[in-house]
Every structure is written in C-alpha cells, then in structure tokens.
Amino acid sequence: MARCSVRYSICPVLPEAHQYEVCLTVERPDPEGQCFDLPAWIPGSYMIREFARHIMSIRAEHKGQAVALHKLDKHTWQAAPVKGTLTLTYRVYAWDLSVRGAHLDQSHAFFNGSSVFLRVLGQDDEPCSVTIQLPQGADYRAWRVATTLPVQKVRSNGSGEYLAAHYLQLIDHPVEMGQFQWLEFEVCGVPHAIAVTGRVEFNAERLCADVQRICEAQIRLFEPNGEAPFSRYLFLLTVVGDGYGGLEHCDSTALICGRDDLPRHDEMVSTHGQPLREGYRTLLGLISHEYFHAWNVKRIRPLDLMQDDLSEENYTRLLWVFEGFTSYFDDLALVRTGLVTHDEYLTMLARTISGVWRGAGRHLQSVAESSFDAWIKYYRQDENAPNAIVSYYTKGSLIALAMDLMIRRKSLGEQGLEDVMRQLWQNFGQTGQGVTEDALLQILQDVHGDSMAEFVATCVNSCEDPPLAELLFNFGIEMSWRNSDRMPWLGCKLVADGAEVKIAQVMSGSPAERAGLSAGDMLVALDGLRVTANNQEKALMRLREGQLHQVHAFRRDELLCVDVVPDAPKAEQCVLSLRSPVDLPIRKLRQAWMGAH
Ligand code: ZN
C-alpha cells in the first residue's frame, strides 16, 4: 500500500515533564504556504478549550533547512512556501487528567488527537498515518498501546503505525499507553475490551459481566437482530481516588471513575435482588451513557453539528435530544437488564426530578436555549447557575421520560421512545443525514400517532415542566413531595471551607437573598453565636420559621450584619412509589417499560 502523504509520529519524549513530541510530515504542502491548526474544542464537550495553548515549541523544516513559521491566529500557523516535503516538529505539554485533553507522566500516557495532532488545512479529507512510539528506557518496556485507530503495522505491544481515513477520524480515537489491565469480552459477536489504568484491585469478572449485559441491551434497542455499528469497541477507563467523567467516540469512549466505584472481589456476579452500591451503579450508568452515544450523537447527528468546524462554537438547539435522551436511556438499561430493581430505578428517577425542580433557572431558560448556550452557560456554570439555567441533560432526560410514557400509554405498551430511536437510526444514522427538530417531530408523530408539537413547544422550547405526575399515575406510580429534614428554609447552600462555613449559592426568591446574603460570604455567627464547619448543623437547627434571626458574615474582609427570616420547610424531595396491587393492564404497561421482573 502506498504511503500516506500526511504522516504523524508521536512519542512521549519526556514523561516526567509531561511532554509529547509530534512530528508531522506533509509531502505535498500548499505551494502558497501550508497552514496548520489545532481544534479549539473537542466534539462531545461544548466548550472552547484552545488546545493550541499547550504547544510549547514548534519548528518547520524542508530538506534539512529551517522554514519560517508565522502565527496567523491563536491556533493557526503558516509555513513559508516550499516545493516538496515539509516537516513540522513540535512539543505538547500534557498535564490534564481529563477525558477531554492529554496527560502524560511516568505512570501512563493518554491523549485525544485534538490535543496533539495539527490539522493540515486543505488536506484534512486525505487519509493519514500515525506512528505511535513508546517512551525510551527500561522503565517503559512493559508499556502497551490501547486504541481503536485502524492498524497498519504494529508490534505485539501496540506501538507502530496506524491509519485514519481523514483528520476527523484521526482525532476520534483516543490513545492510552501504559501498563493497564486489559479485559476482553464479546457482545453480539463483536469484540469489546476495557483498558483499566490506575492503581486498583477489583472484580473484573463482575464488571465485564455487567457491562456485557448493558451493551447487549443497547445494541438490541437499535437493532433487534443484534447488529452493532462497529467491528470492535474499547472502553479506556482511568481510575483515580475520586473522579467522574466520560467522552464518547465512534468506536470507543474515555472514562474516569473513582477507585471505590469499581466492584470489589467480594461482590460476586450480580444476581437479581442484590442492590448495587451507588458508586458502582453510577459507573455502570456512565458506561451505558457513553455506549449509547455510539449511536445517539456519533452516528445519529444533529444537522447543526455536521459542519465539523472545530475552530469556533457550533450551535445546536438539540442537545436535549443528544444528551437528554442519552441520559434517559442510560439508566433505563440498568433496570431493563435487571441490574437495578423497579424500586431502585424509581429512586434514581425521583432524584433527577428533585434536582430539576429545585432550580428556579428552569423557569427562565428552556432546554432548547440551554442547548444553544451550552458554550457559555452549561459548561461555564457559576454560583448563579441554579437560578439562571436548566440542564439539557437532566430536564432533557425527563422530557424523554414524558415522551416515552405518552407513547406507551397511547400504544398500550406496544411502542415506546425506543421506536423513535430506531427510526432516527434508520433514517439518519444509517444514511449519514443530519437530524433537525422538524424531522424529529415527524418521527415522534409517526410513532405516537398524534403530533407532539404542542408538548415540544411548551416543555422544550418554552419553560413548562413535563406533566410527570399525571403520566406516571397511568403506570401505577405515585409522585409526591416531601421535606426530608423538616428544617425551615433559608435558601442558601453552605459548604465547609476549612474550619469556616461559606455560602456557596443563594437561591432566587429565598430568605437568604432577601436578607442580602451572597455566594462567597463567610458565615461567622447566628444570633450572636459562632458558626463553624463543625457546629453548623446544630446552629441551623435553632432557626425558626417566620422568626427574625441575626446573621454575621464576612464579605471579603468586611463584616456584615443582616436579619434573616426563614420560610416554612420546603417539600423539595420527590418521592415515586409503586402502587400495589395494580390491575393487570397497568402491570403490563409498567413491565413493557421497565422490564418484566
Ligand atoms: Zn453524553
């Protein structure tokens, strides 16, 4: 096979200084002066990150001679015109232990191509190759490479040459290097693997068994015959003391979890009736979420994001579908596969409902607006976020729940939102066409029988709450609200800051706001008695509804003294309970939705 005319080579040259060296060879550079750039954001994470800021040094060469490079803007370089092969060599600083960036030290290497591979402008549709090298030295002899990049010629440890059909494919396959634990299993005949990085001992057999069940359920949701859209799939899982995160790719996902989130050796392969530990359940939910994205957003894509311009923000009003629906189907897979019971699932749903209803921001911002403004709002939350924004993840998942229940009620359990997903997969995923809101409304109508335009207008494009209590009632589920601690309501969130107590958030319309307290204020005394991180709970128990209390707080270095009058306890905690017994038709509806167990 002929060599690609664009070739990358990457080596973790200085692990202890967190530096990769990348060499980029372009055989046919633009005769006017070849331009190169690095993405400003990574697909799946809607925030400008300006990865070019981590390039420490860069030089260009042609036939052994230095070629001048000019910086055109924050992430674009142009080389002086040359005839024939141009080579760029540059260093990238990698000290971001997240699923979105690049990281390197003596223990492992992880990178997304969007952090390390410069795009060759004008040649980004061409195939390219990348040679992945391991660090030099005896300490790194046991390292291996894990990635889903298509292999050209590699050694048994995975180092060597890989290929990509074009630039966007090149940066859609994150790479892990190190001494990871390697777990393998098959789902519907397709090889799956989990590369686990980090110091951790856990029950690998159980993890594989549970992940396998989830993957099979997701594959069959889209293709009942069990046909997966990829020929192999890889989970790159980094385990840290405490952490959480995931980023989806076409054939793989990068994940971060806490050490205690993995199943212990004494937690045997799951049998129905043993509740999952919360941390492990959260990890399985995350795995389920990112895997579902292999269809929903990676292959079924919003038309607005198909321009693939990574140099600036790309706007879509549909993240409530691509993140919200995914957030709905992630946990739904856990209950349908029997990994959690109906009761546990309802507790999880109730927690989501409580979280959404608690934020006054949902009255100001719709999930369509939240999607559009993800770049400056959802991804850049400050202390005012609960008052000003709504999450297209959590409210989006409740929109999905409402749609699912409406379809199920009307079709008497014969159809559900999964039929909408299947239609989206067939009409858009498999054809490569982009999804628009109109196209989605049409599919919803085809599956539901009636138009859902009114529901979308009020609950998606405007700020209404979906009518969940009424919908859940049809499935034999009562929705109620309670106050868990019966404490009078101040409407501020307090956090320990060392031995002191800081106000982290003040809710709109709350007694704390009326009193003039603000996020960032340090609470020092209540009714003349000192408040500390140790005694804050006791101190708050002295609050009485409707009574005037004196609060001392520091704002910066200035002492404030304000009067606050707490409101009645707020019933902010949603409770969902199964009505029992229920008639057979309701039980059937419920089982068609949550699974028959
Ligand atoms: Zn997601």
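Predicted model: local features only at pLDDT ≥ 70, side-chain atom pairs only at ≥ 80, totals over all residues.
**Overall build**

The protein chain holds 16 helices and 29 strands. Its C-alpha atoms fill a box of roughly 80 × 65 × 50 Å along the principal axes. The radius of gyration is 27 Å. A compact globule of 597 residues would have a value near 25 Å, so the chain agrees with that expectation. Buried residues account for 54% of the 597 residues.

**Zinc site**

Three residues supply the protein donors of the zinc ion: His289 (NE2), His293 (NE2) and Glu323 (OE). In sequence, the donor residues follow the spacing H-x3-H-x29-E. The pair of His289 and Glu323 links distant parts of the chain. His289 sits in helix α4 (residues 278-293), and Glu323 sits in helix α5 (residues 319-336). The two are 34 residues apart.

**Salt bridges**

A search of the whole structure finds 29 salt bridges. Three of them are listed here.

| Pair | N to O distance |
|---|---|
| Arg232 and Asp251 | 2.9 Å |
| Glu418 and Arg336 | 2.7 Å |
| Asp419 and Arg422 | 3.4 Å |

Arg232 and Asp251 meet through their side chains. Both are loop residues: Arg232 lies between α3 (204-222) and β19 (233-240), and Asp251 lies between β20 (244-248) and β21 (252-258). The bridge therefore ties together parts that are 19 residues apart in sequence. Arg232 is partly exposed, with a relative accessible area of 25%. Asp251 is buried, at 12%.

Glu418 and Arg336 form a salt bridge, with their closest N and O atoms 2.7 Å apart. Glu418 belongs to helix α10 (residues 417-429) and Arg336 to helix α5, so this pair ties together parts that are 82 residues apart in sequence. Glu418 is buried, with a relative accessible area of 15%. Arg336 counts as partly exposed, at 26% relative accessibility.

Asp419 and Arg422 also pair through their side chains. How far apart are Asp419 and Arg422 in helix α10? They are three residues apart, so about one helical turn separates them. Asp419 and Arg422 are both buried. Salt bridges with shared partners join Arg336, Asp404, Arg408, Glu418, Asp419 and Arg422 into one network.

**A nonpolar surface patch**

Met56, Tyr93 and Trp95 make up a nonpolar patch on the surface. Together they have about 330 Å² of accessible area. Trp95 is placed in the loop between β8 (86-93) and β9 (102-104). Its relative accessible area is 46%, so Trp95 is partly exposed.

**Around Asn535**

Asn535 is in the loop between β26 (529-530) and α15 (536-540). Its relative accessible area is 28%, so Asn535 is partly exposed. What lies 2.8 Å from a polar atom of the Asn535 side chain? The backbone nitrogen of Thr532 does. Val501 is 34 residues from Asn535 along the chain, and their C-alpha atoms are separated by 9.7 Å.

How values were computed. Residues numbered from 1 in each chain as written. Heavy atoms only, no water. Helix = DSSP H or I, 4+ residues; strand = E, 2+ residues; numbered from the N terminus. Buried < 20%, exposed > 50% of the residue type's maximum accessible area, 1.4 Å probe, protein only. Polar contact = N/O pair within 3.5 Å; in protein donor to acceptor, adjacent residues only side chain to side chain. Patch = residues over 30% accessible without salt bridge, like charges linked within 9 Å, V, L, I, M, F, W, Y side chains within 5 Å. Areas by Shrake-Rupley, 256 points an atom, 1.4 Å probe, with all protein chains shown as cover. Salt bridge = Lys/Arg side-chain N within 4 Å of Asp/Glu carboxyl O. Donors = N, O, S within 2.8 Å, 3.2 Å for Na, K, Ca; no water. Rg over C-alpha atoms; globule rule 2.2 N^0.38 Å.
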